[in-house]
Amino acid sequence: MKGKQKANLRADSGEIRRSDLKSFRLRNDNGMEVEFLNYGGIIKSILVPDKNGVLEDVVLGFSDSGDYLGDHPYFGTLVGRYCNRIAGGQFAIDGQSFQLPTNSAGNCLHGGVAGFSHKLWQVSLFDGKDEIGAELFYISPDGEEGFPGNLRLTACYILSKDNVLSIHYAAVTDAPTVINLTNHSYFNLAGRGDILDHELTINANAITPVNSNLIPTGDFQQVADGPFDFRSSIPIGLRINSDNEQMQLTGGYDHNFVLDCQTPDELELAAMLHDSASGRTLEVLTTEPGMQLYTTNFENPKLIGKGGQSYPKHAAVCLETQHFPNSPNQARFPSTVLRPGEIYKSRTDYSFGIR
C-alpha cells in the first residue's frame with residue numbers, strides 16, 4: 001500500500017551538510033510564525049493561536065534541522081520539477097521522449113531521486129506594509145533528474161497580518177518542459193494525536209481514480225454518496241476505513257480531487273479544515289485545478305519527529321494543490337507543458353483562523 005512506500009522516499013542529500021542549512025522566520029503581530037529552511041524550501045514549523053490564544057505548531061517535522069537531510073516523507077518540502085507521479089517515469093513533448101528516475105513502484109514521484117525538495121535555494125527576505133516574506137530562487141539545469149530545459153524558478157513565502165501564508169510560484173524555461181509544483185506540509189491543527197476528528201470540506205465533485213500502481217486511470221469519478229464526498233463538512237475519519245476499492249488501494253485518502261474552479265488562474269477556495277477541540281481553522285485557496293488529499297497512511301516507529309515523538313498513522317493531512325498526476329501522459333488532463341516565452345505561475349493561500 002501507499003503508506004509503506006511513503007516512509008522511505010528520500011534519497012541521500014549528497015554533498016549538502018548540516019552547516020549549509022539556514023533557518024528563516026516570518027512573524028506577524030498576532031504571534032503567528034512560519035519557520036522554513038533554505039534546504040528544500042522546507043516549512044519547518046507554523047505556529048498559530050487556538051481559541052484561547054495559545055500558540056502551537058500545526059505541521060509535522062523535526063526539531064533538529066539536520067534531520068531533514070535524512071529519510072522522511074517530504075515533510076514541508078517544495079516539490080518539483082513535477083510533484084506527484086509520472087507513470088514509468090516517461091513522457092514525450094513534440095515527439096521527443098524523456099526518461100526520469102523511477103523512485104516509487106516503477107514511477108517517478110515528486111521530481112525523482114533528488115528533486116527540488118533536496119536542493120539548496122537562495123533566500124532573500126523582504127518586508128512590506130501589511131506583510132513580510134521571502135523569495136526563494138533556484139535554477140534547475142537542463143537534464144536534472146531527466147527533465148528537459150534550464151528552468152529558473154522562484155517561490156515566495158508571504159505572511160500577512162491576517163494570518164495568511166501565501167505561496168507564489170513562478171518559472172521560465174529555455175526549452176519545452178513539464179512543471180507541477182506544490183508544498184508538502186503535513187497539517188494537524190490540534191498539534192498532537194491524529195486528524196480523524198478534523199472536519200474537512202473540499203470544493204470538488206470528482207476525483208481522478210487510480211490503478212494498483214497509484215497512477216490515474218484517465219477517468220473522472222464522481223464523489224457523490226461515496227467516501228470521497230467532502231462537499232459538506234465531515235470528519236476525515238468517518239469513511240476512511242471504507243471498503244471502497246479506491247480506498248483499499250491506498251489504505252486511506254491519497255487521491256487527486258478535481259477542484260470546482262470557476263475561472264482558470266483565479267484564486268478560489270479549495271478546502272476548509274477545522275479542529276473543534278482547538279477551534280483552529282485552515283482555508284486553502286488556490287489557482288490550481290487539483291488538490292491531492294493525503295492522510296498520512298503510514299506508521300513508522302523509527303521516524304522520530306518533533307519533541308521525540310513517533311507520529312501515529314493518520315497523524316496529519318496533506319492538502320497538496322497541484323495539476324493532476326501523470327498529466328504529461330493524459331490528454332484529457334490540463335496541460336503541464338511550459339514552453340520558452342511562457343511564464344508558469346501558481347498561487348496557494350493557507351488562511352488560518354478560529355471558529
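This is a predicted model: local features need pLDDT of at least 70, side-chain atom pairs count only at pLDDT 80 or more; totals for chains, interfaces and linings use all residues.
Me: Why is alanine 204 called buried?

Reply: Alanine 204 has a relative accessible area of 1%, and buried means under 20%, so the term applies to alanine 204. Alanine 204 has its place in strand E17 (residues 204-208), and, not counting residues up to four places away in sequence, it touches Val223, Arg231, Phe257, Val258, Leu259 and Asp260.

Me: What makes E20 a strand that is largely enclosed by the rest of the structure?

Reply: Six of the six residues of E20 are buried, so the strand is largely enclosed by the rest of the structure. In a regular strand the side chains alternate between the two faces of the sheet. In E20 both faces are covered, with Asp254, Asn256 and Val258 buried on one side and His255, Phe257 and Leu259 buried on the other.

Me: What makes the space lined by Asn84, Arg85, Thr208 and other residues a cavity?

Reply: The word cavity is used for points where a 1.4 Å probe fits but cannot get out, and the structure holds four such cavities of 30 Å³ or more. The largest cavity has a volume of about 50 Å³, and its lining includes Asn84, Arg85, Thr208, Val210, Leu214 and Pro216. Strand E20 (residues 254-259) provides the largest share of that lining, three residues. By class, the lining of the largest cavity has four nonpolar, five polar and two charged residues.

Me: Which open spaces are called pockets, and what lines the largest pocket?

Reply: A pocket is an open set of points, whereas a cavity is one that the probe cannot leave. The largest pocket has a volume of about 390 Å³ and is lined by 20 residues, of which Asp265, Glu288, His323, Ser335 and Lys345 lie nearest its centre. Strand E25 (337-338) and strand E26 (344-354) are the elements that give two or more residues to this lining, and E26 gives the most, with three. By class, the lining of the largest pocket has nine nonpolar, seven polar and four charged residues. The second largest pocket has a volume of about 180 Å³, and of the 14 residues that line it, the closest to its centre are Asp57, Gly191, Arg192, Gln309 and Tyr311.

Me: Why is a set of residues that includes Ile46, Ile202 and Phe352 called a nonpolar core?

Reply: A nonpolar core is a set of buried residues of the listed nonpolar types, joined through side-chain atoms within 4.5 Å. The largest one here has 58 residues, and those with the most contacts inside it are Ile46, Ile202 and Phe352. Strand E12 (residues 151-160) gives the most to this core, with five residues. Apart from it lies another core, of 18 residues, among them Ile16, Tyr311, Ala315 and Cys318. Leaving aside neighbours within four places in sequence, phenylalanine 352 is in contact with residues including Met32, Ile46, Val48, Val58, Phe187 and Leu189.

Methods:
Residues are numbered from 1 along each chain as its sequence is written. Side-chain values use heavy atoms; hydrogens and water are left out. On a 1 Å grid over the protein atoms alone, a cavity is a set of points where a 1.4 Å probe fits but cannot get out, and a pocket is an open set with protein on both sides within 12 Å along at least five of seven lines; lining residues have an atom within 4 Å of a point. Grid points are joined across faces, edges and corners, and a volume is the space filled by probe spheres set on the points. Helices (H or I, at least four residues) and strands (E, at least two) are DSSP runs, numbered from the N terminus. Ala, Val, Leu, Ile, Met, Phe, Trp, Tyr, Cys and Pro count as nonpolar, Asp, Glu, Lys and Arg as charged, and the others, Gly among them, as polar. Buried means under 20% relative accessible area, exposed over 50%, partly exposed in between (1.4 Å probe, protein chains only). Contact means heavy atoms within 4.5 Å.
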